[in-house]
Amino acid sequence: MRIISGLYKSRKIIAPKNLPVRPTTDMAKESLFNIINNLYYFDAISVLDLFAGTGNISYEFASRGTEQITCVDQDYGCIRFIKQTADKFEMPIQTIKSDVFKFLEKTAIQSNIIFADPPYNFDEEKFSKIPELVFKNNLLLDNGLLIVEHSKHTNLSELENYVYSKSYGGNVFSFFEKA
């Protein structure tokens, strides 16, 4: 994976092969960040990265100037890799090893952008639990966005607070906002 823009533009980050991840493709990530770039100043937002995996999305935010980034993943190897990479590049990324659903039930962290990239093989009930918990627990700041990445075989358009989706190959980003 590579960082597309910002301070660390073009840096390649090679994750260990034994991590249970499916990193967002560079093409999809670049398209997503073009959308976000038109909505926010990166140095003025906070980000919560759920099911963070390799930290791919968080590195991109950090490279573009975001200074409040929290990554949550239940896999110790993923959390260790994100922490090592963040330390190496001196990125302001906090890591939390936790089951995402338990974390969402208990956290008081509010963010401008919450990005969730759960396993594509989740059933729709598990996918729907993400926006449900985010909005029930008021985790988005005003004018914030929840972005859920999923496959084209998953449809989240019927969920409360859904706004729109963008597709890039087999990747889909569904966007949610406070009503």
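Biologist: Which residues form one aromatic cluster?

Modeller: In this predicted model, the cluster is made of Phe51, Phe101, Phe122 and Phe127. A search of the whole structure gives 12 aromatic pairs.

Biologist: How do I read the geometry of a pair, say Phe115 and Phe173?

Modeller: Use the distance between the ring centres and the angle between the planes; planes under 30 degrees apart count as stacked, over 60 as edge-to-face and the rest as tilted. For Phe115 and Phe173 the centres are 6.3 Å apart and the planes stand at 50°, so this pair is tilted. Phe115 belongs to strand S4 (residues 111–116) and Phe173 to strand S7 (residues 171–176), so the pair ties together parts that are 58 residues apart in sequence. Both Phe115 and Phe173 are buried.

Biologist: And how are the rings of Tyr162 and Phe176 arranged, stacked or edge-to-face?

Modeller: They are edge-to-face, because the planes are at 80°, with the centres 5.8 Å apart. Tyr162 is in strand S6 (residues 162–168) and Phe176 in strand S7, 14 residues apart, and the pair links these distant parts of the chain. Tyr162 is partly exposed at 24% relative accessibility, whereas Phe176 is buried at 0%.

Biologist: Which rings have a charged end over them?

Modeller: Among them is the ring of Tyr120, where the charged end of Arg22 sits 3.5 Å from the centre. Another is the ring of Phe122, with the charged end of Lys126 at 4.6 Å from the centre. Phe122 is also a member of the aromatic cluster.

Biologist: What follows H2?

Modeller: Gly65 follows H2, and its phi is positive, near 110°.

Biologist: How many residues of H2 are buried?

Modeller: The count is 8 of 8, and H2 is mostly covered. The buried residues run from Asn56 through Ile57, Ser58, Tyr59, Glu60, Phe61 and Ala62 to Ser63. They pack against helix H1 (26–37), S1, S2, H3, S3 and S4.

Biologist: Now the strands. How do S1 and S2 run, and how many bridges join them?

Modeller: Strand S1 (residues 46–50) and S2 run parallel and are joined by 5 bridges. With helix H2 (residues 56–63) between them in the description, S1 and S2 make a right-handed β-α-β unit. The chain then crosses from S2 through helix H3 (residues 76–89) to S3, and this β-α-β crossover is right-handed.

Biologist: Why is S2 described as largely enclosed by the rest of the structure?

Modeller: In general, the side chains of a regular strand alternate between the two faces of the sheet. Strand S2 (residues 68–73) has 5 of its 6 residues buried, so S2 is largely enclosed by the rest of the structure.

Biologist: How many disulfides does a search of the whole structure find?

Modeller: A disulfide is a covalent bond between the sulfur atoms of two cysteines. The search finds 0. For Cys71 the closest cysteine sulfur is in Cys78, 10 Å away, too far for a bond. Cys71 is buried at 0% relative accessibility, and Cys78 is buried with a relative accessible area of 1%.

Technical notes
Residues numbered from 1 in each chain as written. Predicted model: local features only at pLDDT ≥ 70, side-chain atom pairs only at ≥ 80, totals over all residues. Heavy atoms only, no water. Buried < 20%, exposed > 50% of the residue type's maximum accessible area, 1.4 Å probe, protein only. Helix = DSSP H or I, 4+ residues; strand = E, 2+ residues; numbered from the N terminus. Pairing = 2+ DSSP bridges. Right-handed = clockwise from strand over helix to strand, strands pointing away. Phe/Tyr/Trp six-rings, centres within 6.5 Å; stacked < 30°, edge-to-face > 60°. Lys NZ or Arg CZ within 6 Å of the ring centre and 35° of its normal. Contact = heavy atoms within 4.5 Å. Disulfide = S-S within 2.5 Å.
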